[in-house]
Amino acid sequence: MAVTSALGRSETGTTRVSAALWRRGWARAVLTLSPPLLWFLVVYFASLVAMLITALWSVNPFTNNLVHSWTFSNFREIFTGTYLTIIGRTLGMAAIVTVTDAVLALPFAYFMTRVASPRTRKLLFTLVVLPLWASYLARVYAWIVILQNGGTLNWTFQHLGLGSPNIGYSNVAMWIVFSYIWLPFMILPVYGALERIPDSYIEASGDLGARNLRTLFRVVLPLAFPGVVAGSIFTFSLTLGDFITPLLIGGSSSNFIGNVIYSNIGLANNLPFAAALAFVPIVIMIIYLTIARFLGAFEAF
Amino acid sequence: MKSRRRLWRPASAGVAVIGVLLIAAYGSTVTAAATKGHASGGLVPPTAHYPVQKSIGKGEGKLNLIAWAGYAQPEWVKPFEKATGCQVNAVYPNTSSDMVSLMANGGGGQYDLVSASGDADLRLIYGGDVRPVNVGLIPDWKNFHAWLQSPGFNTINGVHYGVSLQFGPNVLLYSTKTFKTAPTSWSVIYSKKYAGKITVPNNPIQIADGALYLSKTNPSLGITDPYELTQKQFNATVALLKSEHPLIKKYWDLASQEISLFSSGAAVVGAAWPYQTNTLQASGYKVAETIPKEGATGWADTWMMATKAPHPNCAYMWIKWVSTPKVQAEQALSFGETPANKLACPIMNQLQKGGCAAYHANAAESYFATLKFWKTPLATCDNGKNDCVPFQDWVTAWTQITG
């Protein structure tokens, strides 16, 4: 019963379906988009909603069971002394790490794009990405070996006659390790931004009488800035959400937001408070991304 | 393999043990309340009248365990499988809460035994997830330390809901270079003299250590049980621990951290498990441990049988097997804890020179009396009042202490 089409080919089920889809563009779009959209809605969005709902519940102190009645007490509790200190510490560390990485990444990326030969560039690129191939934990543990009392750093300083820095298990150690771990995430976007600056801009700047420094500050840096902002999204948010480095490297006052969430889930079984606290980094990131958008970070991609 | 297994304890054990202790604490509190007919008066475990087996029948050929990592090692599982024909499958949860979840609905007809810690025991018992066991079928039970035969965390109204396995104290670890003689009091970890050289576990249950110290040094507070604190007692303890914060080098999360702190000299005194002491001493570091005059906290684990255990005969054979002196000794040395079976001591010495004393397996009963085993702090106190501070608040306070 196959219908013969204009081309003389018999129309099978498949061709009929494809023809129908060709005629109705919206149907094509629905079919293509619905699996990822469904995934996004169910897995991604629904879990956030579930978290918000949980944050509005509480835990019965006697039975430790969830109490399914609405309360804002978890959110109110966040704004008490200790938690504000911890949020402030987390934010401060994320900011310092971001600035450190930006300062380190700019000259490095500039060298890669403007100075290095193509061969050296490839080599440097590999070196930047190389640490990402090793386990996060292995790298953190390597830093413990370097920084702890009796570690490589102390040993080196002592042999140079400079005394012992003794920075193992402290916030300084955390700053060094975070800056190291997230550096590639800053270098890559900055590299991308610098690479797209046409040589003609720099030549034009020179032709118009600007010296090297002036070209750098008036031409190169402004054009690299969106890349820096894009990289800062990574370094900032990754530091903000981390709890392993504070746990492994931190000193006696090194709790991060993540550590408090962890102890509320793992030890206290206080899911509602953990959920409420988990909104703090989300809100911070929303604010950060809004600012980043104004600074043109998303134009870098 | 061995070192890896041991390293686990620090990580998981921190959380797991705490959880377990918490559960245990919860357990013993409920138990005490139940036996005394106070706040939870008349609370009877749902499976209290469940009939117990009178003999061990033929093995079912399989055994499914929920165990702490390191509790089902090939050293003693392989010979067990060979002797009984019971094939052992084990899952290794990370926390006591995970253990309780896996045991939901009486083990779901899937699991037979769980190596629950004190902080999980009472939750399992009062949840009806475990059933009474006949200790008469475990010949080595009578060789256990008397206080581990029917402890409050697994035995209620004379009904045994499990058989004790192993335990360990939280000791005071110190550098013998700094301390020519052993410190006699926990006061050293609150002393400005050792500022910046002190380390304690990063764990809310550590508040109990502070409470135990205050129960002896400040009797006017009237602390009798470090896991049952009124708000006033609790506040005093938290104040003590806050004053300790500036003296702390690091709140350790992993036993390996404390080992590195002591081996590098960054810390000279702190709260520890015997595992750290033994590891440091084995590497030649000048450290020693002691249980100060105020006593110490500790943890204790129990094998408990699921209400819907599908392979009860194999389960009894397993408990019988792991209670024997040899397996007790092997597990104690492999994991770094103290066996429940007194006869394990000489075998520990055979396996590792001085192994028995290293893990206190030969200590006098008076030693055990100084240990306050972890249990979950509950709002219901032993005295029948509901004015004790629950564990949740412990976690909040601990966050404030460690800032």
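Of the 301 residues of chain A, what percentage count as buried?

Reply: The structure is a predicted model, and every value below is computed from it. Of the 301 residues of chain A, 32% count as buried. The chain contains 13 helices and two strands. Its radius of gyration is 27 Å, whereas the globule rule gives 19 Å for 301 residues; the value is well over that figure, so chain A is more spread out than a compact globule. The C-alpha trace of chain A spans about 95 × 75 × 35 Å along its principal axes. Among the contacts in chain A with a separation of 6 or more, 68% are between residues 24 or more positions apart.

Two of the pairings can be followed residue by residue. Strand β9 (residues 198-201) of chain B pairs with strand β11 (residues 269-272) of chain B in the parallel sense, over two bridges. Here B:Ile198 stands opposite B:Val269 in β11(B).

In the model, 26 residues of chain B are in contact with 24 residues of chain A. On the side of chain B that touches chain A, α1 (2-36), β10 (248-252) and α15 (391-402) of chain B each supply at least two residues. The largest share of this side, six residues, comes from α15(B). By class, the side of chain B that touches chain A is made up of ten nonpolar, 13 polar and three charged residues.

Other parts of chain B show how burial is judged. Helix α11 (residues 325-335) of chain B has eight buried residues out of eleven, so it is largely enclosed by the rest of the structure. The buried residues in α11(B) are B:Val327, B:Gln328, B:Ala329, B:Glu330, B:Gln331, B:Ala332, B:Leu333 and B:Phe335. Just after α11(B), B:Gly336 takes a positive phi of about 85°. Helix α3 (residues 96-102) of chain B contains B:Ser96. The count for B:Ser96 is 32 other C-beta atoms within 10 Å, and a residue with 20 or more is called buried, so B:Ser96 belongs to that class. The C-alpha atoms of B:Ser96 and B:Ser115 are separated by 9.8 Å, although the two residues are 19 residues apart along the chain.

Most residues other than glycine have a negative phi. B:Asn157, however, has a positive phi of about 50° although it is not a glycine. Its place is in the loop between β5 (155-156) and β6 (159-160) of chain B. B:Asn157 has 10 other C-beta atoms within 10 Å, and a residue with 12 or fewer counts as exposed, so B:Asn157 is exposed. B:His360 likewise is a residue other than glycine with a positive phi, near 65°. It lies in the loop between α13 (355-358) and α14 (365-369) of chain B. With 24 C-beta neighbours inside 10 Å, B:His360 counts as buried.

Finally, the confidence of the prediction must be considered. The mean pLDDT of chain B is 85, and 89% of its residues reach 70 or more. Over residues 1-42 of chain B, however, the pLDDT is below 50; this stretch has 143 contacts in the model beyond near neighbours in sequence. The model scores ipTM 0.76 and pTM 0.76.

How values were computed. Residues numbered from 1 in each chain as written. Chains lettered and ligands numbered in written order. Predicted model: local features only at pLDDT ≥ 70, side-chain atom pairs only at ≥ 80, totals over all residues. Contact = placed C-beta atoms within 7 Å. Helix = DSSP H or I, 4+ residues; strand = E, 2+ residues; numbered from the N terminus. Nonpolar A, V, L, I, M, F, W, Y, C, P; charged D, E, K, R; others polar. Rg over C-alpha atoms; globule rule 2.2 N^0.38 Å. Pairing = 2+ DSSP bridges. pLDDT = per-residue confidence, 0-100.
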